[in-house]
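Welcome, and please take a moment to look over the sequence and the model.

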Amino acid sequence: MHKKSFFAKGVEHNLRITYFSNSQKFLYDFQHIIRAFYPSAEVKFGHGGDIHFEAYFEEMKVFLKLQKGNKTIQKDFLLVDDEHESKKIFGRNIYDLLKDETKRELPWGILTGIRPTKIVYPLLEQGLKEEEIYKFLQEGYYISEKKSKLLLKVAKNEMSVLNRLDPFSACLYIGIPICPTKCLYCSFSCHEMTRQVKSLLGMYTDSLICELEKTYQKIEENRNKIVAIYFGGGSPAVLGIENIKKIFTNLFENLEKDHIREITFEAGRPDTIDVSLLELLADQSKELNIRLCINPQSSNDNTLKIIGRNHTFEDIKRAFALAKEYGFKNINSDVILGLPGEDENDYKKTIEDVLKLSPASITVHTLSIKRASLLRFKWNEYEFMDEETVNNLLNWTQYILEEHGYIPYYMYRQKNMIGNFENVGYCKRGFEGLYNVMIMQEKHNIYACGAKAVSKFVYEDDRIERIFNPADIKLYISRILNVDV
């Protein structure tokens, strides 16, 4: 492993790349595909970069150019009347240009969306054969054969979950964006547990309950049935047991328990899991399917220190043992591939160690170096795996988890991921996370309460309307309770 080697082999580092176009058309895809090939580069709109791209639109004709020193590569091509198809044509031509220049291919081709199964789902509904779907993905998006097969497998498993729901099914997200400490890679608007934040926990709980009361009215107006509830964060347990009890009491005074198929609680770190929390959740699990998340991220203690975790893997093992004592069978574990300082053996050890704990599901994330994270500013202090190693490990992960009886049941992608790869949720059959599938396919309403929470409402014409809550907890409390904080 080489210093700062999360970049692709053979690709120059520290490049300045510029791009220019006489149209706003496809600018996002233009930039995204460039970044996928040159993840370490500074990419800006304008002129004068070490590599410069230009796209000129003349009605339906496009002239595309790449300049690097004295070398120029040009392409011209025609768009079509269909906007979506034109977007793919444009993307394929940029890709071809970059493939010629870098001598590389990307496993996900030109695909830029964070929900890749959404392009497969309609094809399955139309009854297309597997070979036809593979052809569509490989020719239309340049997705590799291996990723096409994984994508289809995930989409089929998602479909089997969604087919058991009716159109009025919906989810409820309860957000507590507070953590004991902030992880190195985290860009989420998460508040660290300072003395001031701790003093606001009671008011924050009151605000959540107040917003929930208004949300129940909306749920009733839309004739929705809440089938999945997700306590996310941050680390929701930091609210304290009495505040969590208040929220549960309020939920079950207003929602039909018979409709609820799953409640996920992001217990997350072992330092937020205690007997009182497990007793409360175990009591609820007598009637409800409680999905508990205990997330090691890595089983390597040195890595846990680097990323800002105040626990060891032994603490994770003790939390698992305690949860199982209380009868929890539906436990999820998150791991991250590509963490700073880790090599192939470190990651394989994590997967093998987590498998020994036998969680019901394992969610495998590929490290994303996000702009707002501390890691974005400190990445040059660490060593990373190169893209080829990450890709090989993703393939190995799928193989080893399927060998142990886990199926890939949901998938999403993020910006600035190492190698432009993917995050995949694996589970033992029957333990698919319902909320995860529903939020990926965006076919049902998602009601979201709490700071930073985003509600999504789906309409008959497939239009999706999003409503954003403020990220800052003081501002959130102030708006909900109409008080100065």
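Contact here means heavy atoms within 4.5 Å. Helices (H or I, at least four residues) and strands (E, at least two) are DSSP runs, numbered from the N terminus. This is a predicted model, in which local features need pLDDT of at least 70 and side-chain atom pairs count only at pLDDT 80 or more, while totals for chains, interfaces and linings use all residues. Residues are numbered from 1 along each chain as its sequence is written, and side-chain values use heavy atoms, with hydrogens and water left out.

**Helix packing**

Let us begin with helices H7 and H8. In H7, Leu-201, Gly-202, Thr-205, Asp-206, Leu-208, Ile-209, Leu-212, Glu-213 and Tyr-216 meet Asn-243, Lys-246, Ile-247, Asn-250, Leu-251 and Asn-254 of H8. By class, seven nonpolar, five polar and three charged residues form this contact of H7 with H8. (Ala, Val, Leu, Ile, Met, Phe, Trp, Tyr, Cys and Pro count as nonpolar, Asp, Glu, Lys and Arg as charged, and the others, Gly among them, as polar.) The axes of H7 (residues 201-221) and H8 (residues 241-254) come within 10 Å and cross at roughly 10°, which makes H7 roughly parallel to H8. Axes are lines fitted to C-alpha atoms, for helices over the stretch in contact, and angles run from 0 to 180 degrees between N-to-C directions. Angles under 35 degrees count as roughly parallel, over 145 as roughly antiparallel, 65 to 115 as roughly perpendicular and the rest as oblique.

Helices H2 and H4 (residues 130-141) pack at an angle of about 60°, with their axes 9 Å apart. They are therefore oblique to each other. His-84, Lys-88 and Arg-92 of H2 make the contact with Phe-136, Glu-139, Gly-140 and Tyr-141 of H4. That contact of H2 with H4 has two nonpolar, two polar and three charged residues.

H2 also holds Lys-87, which is partly exposed at 33% relative accessibility. Buried means under 20% relative accessible area, exposed over 50%, and partly exposed in between (1.4 Å probe, protein chains only). Leaving aside neighbours within four places in sequence, Lys-87 is in contact with Phe-26 and Asp-29. Lys-87 and Val-454 are 367 residues apart in sequence and 28 Å apart in space, C-alpha to C-alpha.

How many of the eleven residues of helix H1 are buried? Eight of the eleven residues of H1 (residues 27-37) are, so this helix is largely enclosed by the rest of the structure. The buried residues are Leu-27, Asp-29, Phe-30, His-32, Ile-33, Ile-34, Ala-36 and Phe-37. What covers the buried residues of H1 includes strands S1 (16-21), S2 (42-45), S3 (51-58) and S4 (61-68), as well as helix H2 (83-102).

**Backbone geometry**

Most residues other than glycine have a negative phi, and most peptide bonds are trans. Here the peptide bond from Gly-233 to Gly-234 is cis, with omega near -5°. Gly-234 lies in the loop between strand S9 (225-232) and H8.

Two residues other than glycine with a positive phi are worth a look. Gln-297, with phi near 70°, is in the loop between strand S11 (290-294) and helix H10 (301-307). Gln-297 counts as buried at 7% relative accessibility. Lys-452 has a phi of about 75° and sits in the loop between strands S16 (446-449) and S17. Lys-452 is partly exposed, with a relative accessible area of 33%.

**Cavities**

The structure holds two cavities of 30 Å³ or more. On a 1 Å grid over the protein atoms alone, a cavity is a set of points where a 1.4 Å probe fits but cannot get out, and lining residues have an atom within 4 Å of a point. Grid points are joined across faces, edges and corners, and a volume is the space filled by probe spheres set on the points.

| Cavity | Volume | Lining by class |
|---|---|---|
| Largest | about 50 Å³ | five nonpolar, three polar and two charged |

Among the residues lining the largest cavity are Lys-147, Val-364, Asn-395 and Tyr-426. Helix H14 gives the most to this lining, with four residues.

Met-438, Ile-439, Glu-442, His-444, Ile-446, Lys-456 and Val-458 line the second largest cavity. Helix H15 (434-441) and strand S17 (454-458) are the elements that give two or more residues to that lining.

Definitions and conventions. 1 Å grid on protein atoms, 1.4 Å probe; cavity = no way out; pocket = protein on both sides within 12 Å on 5 of 7 lines; lining within 4 Å.
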